[in-house]
Amino acid sequence: MMHTHEIKRERMGNANLIYPKLPSEDPANSVTLHKNYYTDQAIFEQEKQDLFYKTWHYGGWVGDLKEPGQYLTTSLFDQNVIIIRGQDGELAGFYNVCKHRGHTLLNGTGRVTRITCPYHSWVYDLKGQLKRARASETTPALDMDSVQLTPINVDVVAGLFVFFNLDVDAPALEPELSEFVADLEREIPELRDLVRSANPREEPDPETGTFLDNAYPVEANWKIVMENFLECYHCKPGHPGVEALFALNDLTYEGHNLWAKQKSSVAGIEGGKQIFWTLFPNLVLSTVVGEKPYLSMFVFAVPDGPTRTLPGYGGYYQLPDDDGTRILKQNFNQVGAEDKALCEAAQRGMRSLGYEQGVFMYTPDNSECTEEASHAFSRFVMRYVSKN
Ligand code: FES
Ligand SMILES: [Fe+2]
C-alpha cells in the first residue's frame, strides 16, 4: 500500500516512483486518481483544509438577504458561518463564533440591527466590529477596537445564489463562472426571475422509497460519488431502466475547469431536455427544458470521513407564480439505489491489492461513453490537493 509520504515524494517529482501518476491535462490520455485518494485519512484531511476550505460553496438565496441586517447561517463540515447584508448594502461573511468565549452568535435566518452574543451579550455591528462588552472599561486585556469577527469570502452568482469561501484570498467566483452563468441563462431564459421556493416534498414511492433513502448514505469516498455522477459510461450496464428518464443516444457530457454539464433528451416531453450542471466540488443543479422553468440545486456529496458520503442542503427555484405542477414527474429512486451499490462496490476495490488506478474513457464528441467530466473533476481536486 502506498503511503502518503510516498505520494508527497511523487508530487515533488520523484522519477523513481511509477505510482501514483496524477491525472494529466488531456482527458484522452489520463489516469484516474490513485486508489489512496479514496481511502487515506491524511489525504481526506488535506482535502478538507486545502480543497473544501479554499473553494466556493452554495450558501443560499440572495432573496433571504435583501434588507440591511438580514442574515443566513450555514455550515461547511464543523465550520459554521454567517452571511449578512450590511447597512451599506454590501454582503459580508464571518465565522459564526463569538470572540469572547466562542459561543455561536446567530442561528438559522433572520434580521438583526446588531449581532448580540447570547452568552454574555457582547455586541458587534454588521461589519463584525465589537461595539459593546460590559466591564470593558475595567478590563485592560480587552482592546475593543481590535476585536473583529473573523471574515470569510462571499459572492453572488447570477444575481441569485449566495456562495461563500472560507479563504478570504480566493479570487471572486462570479467572474470565473461567466461561461457557466451564460449557459444557465441560455437554457433557462427566465433564470433571473426565479425565486427560491420551499423544497418540493418528494412523495415516497411505496415500492422504492425516496431518492434520499435509496441513495444515501453511500459507503464510499465523496469523489467516487461525484465521479460516478459525472459520467454515463456506466448507465447502460448499471441502470437498465435509465432510458425511461433520459435518452442515452443524444447525451453529451462536457467538462470545464470549474463545472461540468450533462444534457440529453428526456422521456415524456417532446423536444424536452434534461440538464444537470455540476459546480465543483460538489453542487449539482438540474432542470428540464420544455417544462415550466425551474432550477433544483443539491449538494450531492458531503464527505463524512474518507469512506462515507452524505447528502447536503439544496434549494429549489421556480417562477413566483409557479403552482408547482409539472408535466414530468421524474423518479430517480431506482437509479439512486443502483448508483449507491455501484459506488460502494468500487470503493471496496480501492482497498484491493489488485488495483492501483485506472484511465478515463474519452470520446471526442462528448457522447455517452466519455468520462471527460469526471476527468475535469479529478483535475479540479488535484489542483488543490496535490500542489504541496
Ligand atoms: S461568548 Fe459571546 S459574549 Fe461571551
Ligand atoms: Fe449512475
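How are helices H6 and H8 oriented to each other? The description below concerns a predicted model, in which local features need pLDDT of at least 70, side-chain atom pairs count only at pLDDT 80 or more, and totals for chains, interfaces and linings use all residues. Residues are numbered from 1 along each chain as its sequence is written, and chains are lettered from A and ligands numbered from 1 in the order in which they are written.

The protein chain contains 9 helices and 19 strands; these are DSSP runs numbered from the N terminus, with helices (H or I) of at least four residues and strands (E) of at least two. The radius of gyration, taken over C-alpha atoms, is 23 Å, close to the 21 Å given for 388 residues by the globule rule, so the chain is as compact as a globular protein of that length. The globule rule is 2.2 Å times the number of residues to the power 0.38. Along the principal axes, the C-alpha trace spans about 70 × 60 × 40 Å. Of the 388 residues, 38% are buried. A residue is termed buried if 20 or more other C-beta atoms lie within 10 Å of its own, exposed if 12 or fewer do, and partly exposed in between, with C-beta atoms placed from the backbone. Among contacts with a separation of 6 or more, 58% involve residues 24 or more positions apart; two residues are in contact if their C-beta atoms, placed from the backbone, lie within 7 Å.

Two packed helices are described by the angle between their axes and the distance between the axes. The axes of H6 (222-229) and H8 (residues 333-349) come within 10 Å and cross at roughly 130°. Axes are lines fitted to C-alpha atoms, for helices over the stretch in contact, and angles run from 0 to 180 degrees between N-to-C directions. H6 and H8 are therefore oblique to each other; angles under 35 degrees count as roughly parallel, over 145 as roughly antiparallel, 65 to 115 as roughly perpendicular and the rest as oblique. Ile224, Val225 and Asn228 of H6 make the contact with Asp339, Leu342, Cys343, Ala346 and Gln347 of H8. Helix H6 is largely enclosed by the rest of the structure, because 8 of its 8 residues are buried. These buried residues pack against S15, strand S17 (302-303), strand S18 (309-310), H8 and helix H9 (372-385).

Two cis peptide bonds may be described next. One joins Tyr216 and Pro217, with omega about -10°, and Pro217 is in the loop between helix H5 (211-215) and helix H6. Another runs from Phe280 to Pro281, with omega near 10°; Pro281 is placed in the loop between strand S14 (273-279) and strand S15 (283-289).

Positive phi values occur at two residues other than glycine, as follows. Phe77 has phi near 50° and lies in the loop between strand S2 (70-76) and strand S3 (79-85). Phe77 counts as exposed because it has 12 C-beta neighbours inside 10 Å. For Ala158, phi is about 60°, and the residue is in the loop between strand S9 (151-157) and strand S10 (161-165). With 18 C-beta neighbours inside 10 Å, Ala158 counts as partly exposed.

In an unreviewed entry, UniProt lists residues 58-158 as "domain: Rieske". UniProt positions are given in the numbering used here, feature names are shortened, and annotations may be inferred rather than shown by experiment. Over residues 58-158, the chain is 0% helix and 40% strand, and the end C-alpha atoms are 13 Å apart.
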